[in-house]
Amino acid sequence: MLPTVVHIAPIREEVDAVVAPAIDHDADTVHLIADARQVATAQVETASQRLRDAEIAVESHPCDHADLIAMMGLVTTLTAEYEQDDHVLVNTSTGARSAAS
C-alpha cells in the first residue's frame, strides 16, 4: 500500500502558497489551519475549492495563529492521526510569522 501524502498548512492570505505545493506533491489530504482570530473564509473557501478540483481531500481547523503552543498542539494532533509510513508535510511558510517560527 502506498503511503498517504498529507499537507498541514496555516492559511491567511496566501492561497497559492498552500495550494501549489499540495498539488505538486500529489497530496491526498490537506489540513488547512485557519486563523481563529480573523475571518479569512474567502481564502479558506478558495483554497478548499482549488484543492477539491485537484481531487485532494480538505479539512479546515480553526486555531489562533499567534498562539505558537496552540498551533504546535494542533499540528501534533493532526500528525498523530496518520501511520508512521505516511508522508506528513507541514508548510511553515504560510500563516502568521509566530506560527512559522
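This is a predicted model: local features need pLDDT of at least 70, side-chain atom pairs count only at pLDDT 80 or more; totals for chains, interfaces and linings use all residues.
Where does R52 lie? R52 lies in helix 2. Keep that residue in mind; we will come back to it.

Now look at strand 1. How many bridges join strand 1 to strand 2? Six bridges join them, and the two strands run parallel. On its other pairing, strand 1 meets strand 4 in the parallel sense, over four bridges. Take V6 as an example. V6 stands opposite T29 in strand 2. V6 also stands opposite V88 in strand 4. I8 has a bridge partner in strand 4 too, namely V90.

Is strand 1 enclosed or open to the outside? Seven of its seven residues are buried, so strand 1 is largely enclosed by the rest of the structure. Buried here means under 20% relative accessible area. In a regular strand, side chains alternate between the two faces of the sheet. Here both faces of strand 1 are covered. On one side sit V5, H7, A9 and I11, all buried.

Next, the inside. The largest nonpolar core has 15 residues. Which of them touch the most other members? They are I11, V30, L32 and L51. Strand 1, helix 1, strand 2 and helix 2 each supply at least two residues of this core. Helix 1 gives the most, with four residues. There is another core apart from this one, with nine residues, among them I8, M71, V75 and L78.

Zoom in on L32. Leave aside its neighbours within four places in sequence. L32 is then in contact with residues including A9, I11, V18, V44 and L51. V58, E59, S60 and H61 are also among the contacts of L32.

Back to helix 3. Which of its residues are buried? They are M71, L74, V75 and L78. Seen down the axis of helix 3, these buried residues fall within an arc of 100°, so they line one face of the helix. An α-helix has 3.6 residues a turn, so residues three or four places apart point the same way. The face of helix 3 turned away from the buried side carries the exposed residues I69, T76 and A80. The length of helix 3 checks out as well. At 1.5 Å a residue, its 13 residues should span 18 Å, and its end C-alpha atoms are 18 Å apart, which agrees.

Now R52 again. R52 is partly exposed, with a relative accessible area of 39%. Not counting residues up to four places away in sequence, R52 touches E45 and V58. R52 and A20 are 32 residues apart in sequence, yet 13 Å apart in space, C-alpha to C-alpha.

Last topic: two backbone angles. Most residues other than glycine have a negative phi. D26 is not a glycine, yet its phi is positive, about 55°. Where is D26 found? D26 is found in the loop between helix 1 and strand 2. D26 is exposed, at a relative accessible area of 60%. E55 also has a positive phi, near 60°, and is a residue other than glycine. E55 is placed in the loop between helix 2 and strand 3. At 73% relative accessibility, E55 counts as exposed.

To recap. Strand 1 has seven of seven residues buried. Helix 3 has its buried residues along one face. And R52, in helix 2, is partly exposed. Thank you.

Technical notes: Residues are numbered from 1 along each chain as its sequence is written. Side-chain values use heavy atoms; hydrogens and water are left out. Buried means under 20% relative accessible area, exposed over 50%, partly exposed in between (1.4 Å probe, protein chains only). A nonpolar core is a set of buried Ala, Val, Leu, Ile, Met, Phe, Trp, Tyr and Cys residues joined through side-chain atoms within 4.5 Å. Contact means heavy atoms within 4.5 Å. Two strands pair if DSSP finds at least two bridges between them. The expected span of a helix is 1.5 Å times one less than its number of residues. The arc is that of the directions from the helix axis to the C-beta atoms.
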